[in-house]
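This report covers selected local features of one protein model.

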Amino acid sequence: MALWQTPYHLQDLLVELVGWDSRSTTAGEQQFSKKLATQLKKLSYFHTNSENLVLGDAGDGRQFVAALTTHPKAKKTIVLISHFDTVGIEEYGELAPYAYSPSELAEAFHAHKESLSEVAREDLESGDYLWGRGTMDMKAGLAIHMATVEKALLEEWPINLVLLTVPDEEVNSAGMRAAVKLLAEWKEEKKLDYALFLNGEPVFSMNPTDTEYKVYSGSIGKIMPSALFYGKETHVGEPLSGMTSSLLASMMTRRMEMNPLFEEVVHGEVTPLPVTLHQKDLRESYSTQTPFLSSALYNVFTMKQSAADVFNEFEEVAKLATNEIDEWYTKVCERQGGSPLGKVQVLRYEALEKYAVERLGKDVLNAIKKKCMSLDGHDDREIALQLTKELLTRFPELAPAIVLLFTPPYYPAVNSSEDELVKACISRIQTLAKNQFDLTVHQVHYFNGISDLSYVNYEGDSTGWEIYEANTPVWDVTYSIPFKEMEQLQAPVLNVGPFGKDAHKRTERLHIQSAFVETPVFVEQVIRTVMESAEVI
């Protein structure tokens with residue numbers, strides 16, 4: 001008996017999945033995988049092949065779910081990727097109790113139409129959308145994948161499928177980074193030939209009136225070059241006796257914000273410009289001592305650039321900033337009759353760590369690391385900055401200085417636009433969509449919402465990730481990326497998901513026709529294209 005093979009039953013499945021609160025870092029995120037495994041066990045295949053349904057450790061009590069179905073005549077394997085964690089619901093305000101109940105939330109919005117934008121009101125009144133946290137981003141993708149696996153089993157498609165759904169995508173992608181290792185193991189142990197990594201992230205509108213349906217042949221990269229600014233403390237009454245870390249941070253941020261040096265154009269698509277995600281004075285309390293420690297985290301999107309490329313450019317910007325600081329500060333001292341402190345240094349974190357080993361020894365360095373890693377209530381970014389601070393403040397002779405580092409997370413860019421199989425899949429979708437639904441499908445080369453596709457089909461050279469490892473203070477302690485396993489997962493990527501609007505907003509909503517009628521057909525068409533290509537080989 002089929003469970004999820006009609007639009008009605010598929011929508012019911014999604015409503016149930018949405019009802020399971022799985023906000024990132026909550027108990028609900030920890031419990032979701034077990035509930036999902038219970039759902040998947042409704043498929044008789046997993047009664048006789050229970051070893052193919054795996055709940056894998058993703059840290060902090062969370063688990064990813066990997067469900068493998070195989071066919072005796074199958075030559076190829078497709079991995080269906082989704083995530084089940086969601087962002088929070090604080091922005092729902094008094095409507096928060098309805099955030100996980102699409103029908104009740106829609107009713108509540110009808111009673112609060114004045115709080116909606118004109119476009120949102122029109123969508124509400126149309127009845128064409130399903131509302132609620134996780135409807136669009138991205139439990140619909142998971143529901144579609146579950147229905148697809150069920151149909152493949154019922155109709156005995158000659159293809160192997162891995163349904164992979166993970167936690168933590170909205171924060172650090174710990175789920176996908178852990179799952180990559182299992183995919184690499186299965187490739188060897190079960191002799192799987194990965195043909196395609198197919199993600200189900202939703203279509204992201206470029207503006208409130210954008211209703212184009214898109215498929216994505218790649219996913220944009222994201223990396224976070226960061227800095228710790230070490231000034232010279234002094235009393236506010238003697239400003240020329242020191243240099244504030246605020247000055248260093250401000251000059252650096254002024255040069256980083258919107259800097260076109262980091263902009264890339266590939267296939268006519270342009271990366272968003274860099275912005276500051278965090279800038280902070282690290283003092284714990286107010287005093288008349290000038291601030292001498294500050295930090296900043298910068299967001300940089302990538303398409304072709306490696307971590308090494310970004311870090312080299314980041315260092316170039318830092319040197320330009322320090323030259324400007326030195327010139328400006330020297331002029332102030334000359335005007336006021338003061339003595340300059342000396343030039344501002346620019347250090348990479350790996351150079352600071354090497355200096356610390358030379359001065360303190362490896363054992364002391366490891367003890368400092370252990371102390372910082374054990375800090376309660378701190379995330380990877382805070383620990384990275386605290387470790388850098390602990391090292392840097394032991395060497396006042398280095399001040400004034402800017403220490404450059406990376407803080408997590410890092411999403412390498414991935415793209416398969418030139419892959420022949422991906423081209424065939426997109427062409428088939430476009431033809432089918434036009435003929436069956438009178439729908440125009442647009443190809444986008446890089447999914448700009450950031451996705452877990454970043455952790456498969458890695459093609460960067462070792463230099464890129466070695467520089468990332470060397471300059472990420474928490475590397476291989478609280479954070480790591482399985483680059484070697486990623487290199488083993490060599491297959492093209494594609495993202496085909498349903499249309500929706502306002503991800504991460506209180507008006508998050510999913511287009512019903514797109515999710516429960518059209519997208520399942522597109523996903524099936526992709527799989528059939530892969531099956532046909534396997535028959536030709």
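## Backbone, sheet and cores

Asp-502 lies in the loop between β20 (500–501) and β21 (509–511); strands (E, at least two residues) and helices (H or I, at least four) are DSSP runs, numbered from the N terminus. The model is predicted, and local features need pLDDT of at least 70, side-chain atom pairs count only at pLDDT 80 or more, and totals for chains, interfaces and linings use all residues. Residues are numbered from 1 along each chain as its sequence is written, and side-chain values use heavy atoms, with hydrogens and water left out.

Phi of Asp-502 is near 60 degrees, a positive value in a residue other than glycine. The loop between β20 and β21 also holds His-504, which is not a glycine either and has a positive phi of about 70 degrees. Two peptide bonds are cis: one joins Asp-137 and Met-138, the other Ala-399 and Pro-400. Met-138 belongs to helix α6 (residues 135–155), whereas Pro-400 is in the loop between α12 (380–392) and β16 (401–406).

| Site | Backbone value |
|---|---|
| Asp-137 and Met-138 | omega about -10 degrees |
| Ala-399 and Pro-400 | omega about -5 degrees |
| Asp-502 | phi near 60 degrees |
| His-504 | phi about 70 degrees |

Relative accessible area is read as buried under 20%, exposed over 50% and partly exposed in between (1.4 Å probe, protein chains only). Asp-502, at 23%, is partly exposed. His-504 is partly exposed as well, at 38%.

Two strands pair if DSSP finds at least two bridges between them; β20 and β21 are antiparallel over 2 bridges. Opposite Gly-500 stands Leu-510 in β21.

A nonpolar core is a set of buried Ala, Val, Leu, Ile, Met, Phe, Trp, Tyr and Cys residues joined through side-chain atoms within 4.5 Å. The largest has 98 residues, and those with the most contacts inside it include Leu-164, Phe-229, Tyr-468 and Ile-481. Helix α9 (residues 307–336) supplies the largest share of this core, 11 residues. Apart from it lies another core, of 82 residues, among them Ala-108, Met-136, Ala-503 and Leu-510.

Contact means heavy atoms within 4.5 Å. Not counting residues up to four places away in sequence, Ile-481 touches Arg-177, Tyr-410, Tyr-455, Tyr-468, Trp-475 and Met-486.

Thr-322 is placed in helix α9 and counts as buried, at 3% relative accessibility. A polar atom of the Thr-322 side chain lies 2.9 Å from the backbone oxygen of Lys-319. Beyond neighbours within four places in sequence, Thr-322 contacts Val-344, Val-346 and Ile-402.

Val-270, in strand β12 (residues 269–270), is partly exposed at 45%. With neighbours within four places in sequence left aside, Val-270 is in contact with Glu-263, Glu-264, Val-265 and Met-303. The C-alpha atoms of Val-270 and Ser-294 are separated by 31 Å, with the two residues 24 apart along the chain.

Conventions. A polar contact is a pair of N or O atoms within 3.5 Å; within protein, one must be able to donate a hydrogen and the other to accept it, and residues adjacent in sequence count only if both atoms are side-chain atoms.
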